[in-house]
Amino acid sequence: MILAIILEILIGALVGWLAGIFMKSKHGFWINCLVGIVGSVLGGWIAGLIGIGGGLIVSLIISVLGTCLLIFLLRLILGKKW
């Protein structure tokens, strides 16, 4: 259980970092981690609605796309600082 949570945080941090690079977002580790986790959930939820799924690579791509979408939405709501 604890190992799974640590793994999710690390994957969320990786996904947040990758999305931050794609979206040119400049935030620290913890913000990238949080945005990566929430964006992964968002991407997984949207992918589930349209019936997309697959293995590890597809899940990582969906997570990065979900995090990019979350950063885009945060920029719309909060302004250019995101």
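Colleague: Where in the structure is lysine 24 placed?

Modeller: The model is predicted: local features need pLDDT of at least 70, side-chain atom pairs count only at pLDDT 80 or more, and totals for chains, interfaces and linings use all residues. Residues are numbered from 1 along each chain as its sequence is written, and side-chain values use heavy atoms, without hydrogens and water. Helices (H or I, at least four residues) and strands (E, at least two) are DSSP runs, numbered from the N terminus. On that basis, lysine 24 belongs to the loop between H1 and H2.

Colleague: What is the phi of lysine 24, and is the residue buried or exposed?

Modeller: Lysine 24 follows H1. Although lysine 24 is not a glycine, its phi is positive, about 55°. Buried means under 20% relative accessible area, exposed over 50%, and partly exposed in between (1.4 Å probe, protein chains only). With a relative accessible area of 64%, lysine 24 is exposed.

Colleague: How far does H1 reach from its first C-alpha to its last?

Modeller: H1 spans residues 2–23 and has 22 residues.

Colleague: Which helices do the buried residues of H1 pack against?

Modeller: The buried residues of H1 are Gly12, Ala13, Val15, Gly16, Ala19, Gly20 and Met23. Contact here means heavy atoms within 4.5 Å. By that criterion, the buried residues of H1 pack against H2 and H3.

Colleague: Which residues does alanine 19 touch, leaving out those up to four places away in sequence?

Modeller: Alanine 19 lies in H1 and is buried, with a relative accessible area of 0%. Its C-alpha is 9.1 Å from that of leucine 69, a residue 50 places away in sequence. Those that alanine 19 touches are Val64, Thr67, Cys68 and Ile71.

Colleague: How far apart in space are cysteine 68 and glycine 16, C-alpha to C-alpha?

Modeller: Cysteine 68 is found in H3 and is buried, at a relative accessible area of 12%. Beyond its neighbours within four places in sequence, cysteine 68 is in contact with Ala19, Phe22 and Met23. Cysteine 68 and glycine 16 are separated by 52 residues in sequence, and their C-alpha atoms by 8.5 Å.

Colleague: Which residue's backbone oxygen does the side chain of asparagine 32 reach?

Modeller: Asparagine 32 is part of H2 and is buried, with a relative accessible area of 12%. Its contacts, apart from residues up to four places away in sequence, are Gly12, Gly16, Trp17 and His27. A polar contact is a pair of N or O atoms within 3.5 Å; within protein, one must be able to donate a hydrogen and the other to accept it, and residues adjacent in sequence count only if both atoms are side-chain atoms. At 3.4 Å, the side chain of asparagine 32 reaches the backbone oxygen of histidine 27.

Colleague: At what distance does the side chain of serine 40 reach the backbone oxygen of glycine 36?

Modeller: Serine 40 lies in H2, which covers residues 29–50. Leaving aside residues up to four places away in sequence, serine 40 touches Val15, Ser63 and Thr67. Its side chain reaches the backbone oxygen of glycine 36 at 2.7 Å.

Colleague: How much space lies in the largest pocket?

Modeller: On a 1 Å grid over the protein atoms alone, a cavity is a set of points where a 1.4 Å probe fits but cannot get out, whereas a pocket is an open set with protein on both sides within 12 Å along at least five of seven lines; lining residues have an atom within 4 Å of a point. Grid points are joined across faces, edges and corners, and a volume is the space filled by probe spheres set on the points. The lining of the largest pocket comprises Glu8, Ile11, Gly12, Ile37, Ser40, Val41, Leu56, Ser59, Leu60 and Ser63. The space in this pocket is about 160 Å³.

Colleague: Which helix supplies the largest share of the lining of the largest pocket?

Modeller: H1, H2 and H3 (56–78) each supply at least two residues of this lining. Ala, Val, Leu, Ile, Met, Phe, Trp, Tyr, Cys and Pro count as nonpolar, Asp, Glu, Lys and Arg as charged, and the others, Gly among them, as polar. By these classes the lining has five nonpolar, four polar and one charged residues. The largest share, four residues, comes from H3.

Definitions and conventions:
Expected span 1.5 Å × (residues − 1).
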